[in-house]
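Work through the exercises below with the sequence and the structure side by side. Try each task before reading its solution.

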Amino acid sequence: MRLTVQMLISHGRVARRMGLGPQSRIDMLRNILTGLVRHERIETTMARADEVRFYAEKLIDYAKKGDLDEKAMKMASFWLTEKDLVPKLFKVLAPRFETHSHSYTRMARIPTRQNLDKAKMAVLEYKGNPFPPLYPVKKENELTLINQLLKGYREEKDQELAQRSL
């Protein structure tokens, strides 16, 4: 959850208001989390993606304990509304993040929705998914100023070394 002035002055609220009430909020989070596990990349509003991200990472933490752990199975069966995704969680996603200690998800902003609400949108995905990357791979450009300066410095140093060795 992002720390804002409204969050600092919470007046007893501990979570964002989404949906019609607490049960509606949990149901919505469960459905979004189920879609994330199924498709490994979802597109939703920024607030929902930010809220679901915490639960998605906690679910992976529990899944890394293995399917024999009772609490991990209870958490998976609670948060995943489609029970055929429980094996995918334990057999596909948990081994993928076995070497990671945290930060299993990536969130990227996308353009706002153009219908009536103009909501800020985001893409939430598990890292290492089979889809093309959201961010383009950065290429080394030799024409940037810093690279040109470094190239000149290296050439000068090579010339100095060549003169010393003669």
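A residue counts as buried under 20% relative accessible area, as exposed over 50%, and as partly exposed in between. The model used in these exercises is a predicted one.

**Exercise 1. The surroundings of asparagine 129**

Task: State where asparagine 129 lies and which polar contact joins its side chain to that of glutamate 125.

Solution. 
Step 1. Asparagine 129 is found in the loop between β3 (121-126) and α6 (145-165).
Step 2. Its relative accessibility is 13%, which means that asparagine 129 is buried.
Step 3. The side chains of asparagine 129 and glutamate 125 are joined by a polar contact of 2.9 Å.
Step 4. A polar atom of the asparagine 129 side chain also lies 3.4 Å from the backbone oxygen of glutamate 40.
Step 5. Leaving aside residues up to four places away in sequence, asparagine 129 touches Glu40, Arg41 and Arg96.

**Exercise 2. Positive phi values**

Solution. 
Step 1. For glutamate 40, phi is near 65 degrees, which is a positive value. This residue sits in the loop between α2 and β1 (41-45), and with a relative accessible area of 6% glutamate 40 is buried.
Step 2. For serine 103, phi is near 55 degrees, again a positive value. Serine 103 is in the loop between α5 and β2, and its 23% relative accessibility makes it partly exposed.

**Exercise 3. Two further salt bridges**

Task: How many salt bridges does the structure hold? Describe the one between glutamate 82 and arginine 38, then the one between arginine 53 and glutamate 57.

Solution. 
Step 1. The general idea is that side chains of opposite charge can pair when their charged atoms come close.
Step 2. There are 11 salt bridges in the structure.
Step 3. In one of them, the side chains of glutamate 82 and arginine 38 meet at 2.4 Å, N to O. Glutamate 82 is in the loop between α4 and α5, and arginine 38 is in helix α2 (residues 22-39), so parts 44 residues apart in sequence are tied together.
Step 4. Glutamate 82, at 32% relative accessibility, is partly exposed. Arginine 38, at 33%, is partly exposed.
Step 5. The side chains of arginine 53 and glutamate 57 meet at 3.9 Å, N to O. Both residues are in helix α3 (residues 46-63), four residues apart, which is about one turn of the helix.
Step 6. Arginine 53 has 22% relative accessibility and is partly exposed, whereas glutamate 57 has 18% and is buried.

**Exercise 4. How α5 packs**

Task: Classify the angle between α4 and α5 and the angle between α3 and α5, and name the residues in each contact.

Solution. 
Step 1. The axes of α4 (residues 70-79) and α5 (residues 86-96) come within 9 Å and cross at roughly 125 degrees. This makes α4 oblique to α5, because an angle counts as roughly perpendicular from 65 to 115 degrees and as roughly antiparallel over 145.
Step 2. Ala72, Met73 and Ala76 of α4 meet Val86, Leu89 and Phe90 of α5. By class, this contact has six nonpolar, no polar and no charged residues.
Step 3. The axes of α3 and α5 are 9 Å apart, at an angle of about 100 degrees. The two helices are therefore roughly perpendicular to each other.
Step 4. Here the contact is made by Leu59, Ile60, Tyr62 and Ala63 of α3 with Leu89, Phe90, Leu93 and Ala94 of α5. These residues divide into eight nonpolar, no polar and no charged.
Step 5. Buried residues of α5 are Val86, Lys88, Leu89, Phe90, Leu93 and Ala94. Their cover includes α2, α3, α4 and β3.

Conventions:
Residues are numbered from 1 along each chain as its sequence is written. This is a predicted model: local features need pLDDT of at least 70, side-chain atom pairs count only at pLDDT 80 or more; totals for chains, interfaces and linings use all residues. Side-chain values use heavy atoms; hydrogens and water are left out. Buried means under 20% relative accessible area, exposed over 50%, partly exposed in between (1.4 Å probe, protein chains only). A polar contact is a pair of N or O atoms within 3.5 Å; within protein, one must be able to donate a hydrogen and the other to accept it, and residues adjacent in sequence count only if both atoms are side-chain atoms. Contact means heavy atoms within 4.5 Å. Axes are lines fitted to C-alpha atoms, for helices over the stretch in contact, and angles run from 0 to 180 degrees between N-to-C directions. Angles under 35 degrees count as roughly parallel, over 145 as roughly antiparallel, 65 to 115 as roughly perpendicular and the rest as oblique. Ala, Val, Leu, Ile, Met, Phe, Trp, Tyr, Cys and Pro count as nonpolar, Asp, Glu, Lys and Arg as charged, and the others, Gly among them, as polar. A salt bridge is a side-chain nitrogen of Lys or Arg within 4 Å of a carboxyl oxygen of Asp or Glu.
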